[in-house]
Amino acid sequence: MRKLLAMVRIEFLNEFSSRMSWVFFLLMPILFTAAVGTSLRGMQPGEGAVEELLIPIYVRLDDRGPLVEALLGALVEANLQPQEVEVLPEAALGLEVPADFSARLVAGEVASLTLHTVANSSTSVAVEQAVMAASGRVGGAAQVVHAGLDRARATGLLETTDEAHAALASLVGEVLATTANPPVVPEVRWPEEVLIAESRDAMSSIEQASAGQLVTWVQITLLGAAEVLVSERQGGTLRRMLVMPVGRATVLGGKWLARLFLGLVQMTLLIVVGQVFFGVTWGRDPLALAVVSFAFALATSSLGMLLATFVKTPGQANSLVVGLALTLAALGGAWFSLEVAPPLYRQVVQILPSTWAMRAYTDLLVRQASVMQIMPHVAVLLGFTTLFGAIAMTRFGRAAGSD
């Protein structure tokens, strides 16, 4: 174990021997996260500015005054767009405000409105509900004010009927404005075991950027094991280490473990940066996040070990690592939401570990998944780990002995 940890320590020192290593290890991922998050803003499924739909409705006003203006304002707040006309068009949504509308409200009586709907139109139902809501708000506000004015007249604060009418007309608008932002708001508290699902199917732009750039840059770090091993194999260092008493498993294990730790450190830093600087919550279960990240690191670092058995020179390894990392990230949904891809595409890319990592991160961020809920994704990533690791171990003896 001591020899294994010593090899890990040496790999860490070699990796960060220059300041540029920190630039690509941490600074570049942060800058790309911010840039990609900005460029994706409003492009994610279900994201972007929601345009408020205003339904046009013709209005014939036979009455004027503050109470009618309050009614028109309530109609707008109910997502209607009143258009005043002299005569209501036929076969169109229309509302008649009678001449005695204000007088009845002032007198504390029931005022009536006439709504003209369109047959076989689904919009008519929405308009009917909106008009009922708006007229109910105005009528309710008038009743509240009227009750207060009756009390004021009884105590002598208001002496004439005209004063009461003027006060009612002005106060109804104030009551409507107050009830638009009620001072009492209920707070619903669910038991801890109850999971409230969010009404979205994809990550926000900054969540997509944070998770996607994490997958992209960590893959470059983890697949970088191939470049390190090829360099040492070409220089003869790996062959000498493999014939030492420490054993092949210890040598390869040390190399693999060092690269795995590097990836986990980078993941941790990027997760913290995403939460602190970009407001990414990373789900409700920290253990689930840790399990997914660890499984993804295992699979990708094992793939890096496997790549080392196929390339011959450090230059080839470098090009392959960067190219493969970017390709896996792009195809696996790190740069865009897989929710917008065709079903066939989503089926094909299931052969990539990056796809399963992004699916797991999506479940954590969007659906607030628990450990048990992301275990199918973790199982697939561990399957990739076993496959890549087994092939790499069987090939390393031949690859090292042939150079």
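Biologist: In what order do the four strands of the open sheet stand, and what is the pairing?

Modeller: The order is β2-β1-β3-β4, and the pairing is mixed. Strands here are DSSP runs (E, at least two residues), helices likewise (H or I, at least four), numbered from the N terminus. This is a predicted model, in which local features need pLDDT of at least 70 and side-chain atom pairs pLDDT 80 or more, while totals for chains, interfaces and linings use all residues. Residues are numbered from 1 along each chain as its sequence is written, and side-chain values use heavy atoms, without hydrogens and water.

Biologist: What makes β2 and β4 stand at the edges?

Modeller: β2 (80-84) and β4 (114-116) each have a single partner strand, so one side of each has no neighbour in the sheet.

Biologist: How do you know that β1 pairs with β2 and with β3?

Modeller: Two strands pair if DSSP finds at least two bridges between them. β1 and β2 have five bridges and run parallel; β1 (residues 55-61) and β3 (residues 94-97) have four and are also parallel. In β2, Glu-84 is the bridge partner of Val-59, while Leu-61 has Val-97 in β3 as its partner.

Biologist: Why is the pair of Phe-384 and Phe-388 called stacked?

Modeller: Rings of Phe, Tyr and Trp (its six-membered ring) pair if their centres lie within 6.5 Å; planes under 30 degrees apart count as stacked, over 60 as edge-to-face and the rest as tilted. The structure holds four aromatic pairs. In one of them, Phe-336 and Tyr-345 are 6.2 Å apart, centre to centre, with 50 degrees between the planes, and the pair is tilted. For Phe-384 and Phe-388 the centres are 5.7 Å apart and the planes at 20 degrees, so this pair is stacked. Phe-384 and Phe-388 are four residues apart in helix α15 (residues 371-402), about one helical turn.

Biologist: Are Phe-384 and Phe-388 buried or exposed, and what makes Phe-336 partly exposed?

Modeller: Buried means under 20% relative accessible area, exposed over 50%, and partly exposed in between (1.4 Å probe, protein chains only). Phe-384 and Phe-388 are both buried. Phe-336 has 28% relative accessibility, so Phe-336 counts as partly exposed. Tyr-345, at 25%, is partly exposed too.

Biologist: How do you know that the charged end of Arg-359 sits over the ring of Trp-356?

Modeller: A charge sits over a ring if NZ of Lys or CZ of Arg is within 6 Å of the ring centre and within 35 degrees of the ring normal. The charged end of Arg-359 is 5.1 Å from the ring centre of Trp-356. Arg-395 lies over the face of Phe-310, at 4.1 Å from the ring centre.
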